[in-house]
Amino acid sequence: SPPVPLEALPDLDAVLVSHDHYDHLCRSTIQALAKRRVPFITALGVGRHLEAFGVAPELITELDWWEHHRVGPVGFTAAPSQHFSGRGLGDRNKTLWASWVLTTDKHRLFFSGDTGLTNEFEEIGRRHGPFDLVMLEVGAFHPSWGGIHLGPENALKAHAMLGGGTLMPVHWGTFNLALHAWDEPAETLVRLATEQQVRLFTPGLGRGLEPSRVEGVTPWWRDVGERRLVPQPAP
């Protein structure tokens, strides 16, 4: 389950949607957020889904790759990624997918969205790096899907191409979309990142932390597995 229910979220400044796949664009979630009248930033074409789910058109900003938008002190830049889009049989690649650069006066963050390994990461790093935090997808991976998802090994390659920075793995602990064990991406990444001396940031679910103040990996997923395996006493 998500660590925080929607109704428990604080006031939101903006909602960022990377692309239109179901695990990134959930109708019921958007319908609930639409009632808050919060701005949405997304890639070209995705706005039609948001409107259909109840988001007011004036609150939607669609960006092409390399276009920029600002919400208060935070800048949003859509950047290239290597993926695809579509929610049914007849809309394959009718909307855009993107990675994202978020900037403030003090910090720069990269969010991969869904992507395979692409040389565009080097261009993103040149244009917008260095990054304080690099959020890369590592789960829902299989070697035959290497063109559209990273997995741990390619995530580390992408991290190097982007210019380094603290690496936060995402897109691995919520939906069971692949053949691997749910915690395999995290465990593989920890092993490889240790070997390559890459600094990881793995905050516990629902916790608010400052990446620069956290030293070492927090392997919260191991506790989740242990709790599931320990028999509970009868009530």
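This is a predicted model: local features need pLDDT of at least 70, side-chain atom pairs count only at pLDDT 80 or more; totals for chains, interfaces and linings use all residues.
**Helix α4 and its surroundings**

Helix α4 covers residues 151–162, twelve in number. From its first C-alpha to its last the helix reaches 16 Å, close to the 16 Å expected at 1.5 Å a residue. Nine of the twelve residues of α4 are buried, so the helix is largely enclosed by the rest of the structure. The buried set consists of G151, P152, N154, A155, L156, A158, H159, M161 and L162.

With neighbours within four places in sequence left aside, M161 is in contact with L117, T118, N119, F121 and E122. The C-alpha atoms of M161 and L192 are separated by 16 Å, and the two residues are 31 residues apart along the chain. After α4 comes G163, with a positive phi near 105 degrees.

**The second largest pocket**

Helix α4 also takes part in the lining of the second largest pocket, where α4 and α5 each supply at least two residues. The largest share of this lining, four residues, comes from α5. The pocket holds about 180 Å³ of space. Of its 13 lining residues, F141, G151, P152, E184 and T188 are the closest to the centre. By residue class, the lining comprises seven nonpolar, four polar and two charged residues.

**Backbone features in the loops**

| Residue | Phi | Relative accessibility |
|---|---|---|
| A140 | about 50 degrees | 8% |
| Q197 | about 60 degrees | 76% |

A140 belongs to the loop between β8 and α4, whereas Q197 is found in the loop between α5 and α6 (220–229). Is A140 buried or exposed? With a relative accessibility of 8%, A140 falls under the 20% limit and therefore counts as buried. Q197, at 76%, is over the 50% limit and is therefore exposed.

A further backbone feature is the cis peptide bond that joins G129 and P130, with omega about -5 degrees. P130 is placed in the loop between α3 and β8.

**Annotated region**

The UniProt record, an unreviewed entry, places the feature "domain: Metallo-beta-lactamase" at residues 3–172. Over residues 3–172 the chain is 21% helix and 24% strand, and the end C-alpha atoms are 14 Å apart.

Terms used
Residues are numbered from 1 along each chain as its sequence is written. Side-chain values use heavy atoms; hydrogens and water are left out. The expected span of a helix is 1.5 Å times one less than its number of residues. Buried means under 20% relative accessible area, exposed over 50%, partly exposed in between (1.4 Å probe, protein chains only). UniProt positions are given in the numbering used here, feature names are shortened, and annotations may be inferred rather than shown by experiment. On a 1 Å grid over the protein atoms alone, a cavity is a set of points where a 1.4 Å probe fits but cannot get out, and a pocket is an open set with protein on both sides within 12 Å along at least five of seven lines; lining residues have an atom within 4 Å of a point. Grid points are joined across faces, edges and corners, and a volume is the space filled by probe spheres set on the points. Ala, Val, Leu, Ile, Met, Phe, Trp, Tyr, Cys and Pro count as nonpolar, Asp, Glu, Lys and Arg as charged, and the others, Gly among them, as polar. Contact means heavy atoms within 4.5 Å.
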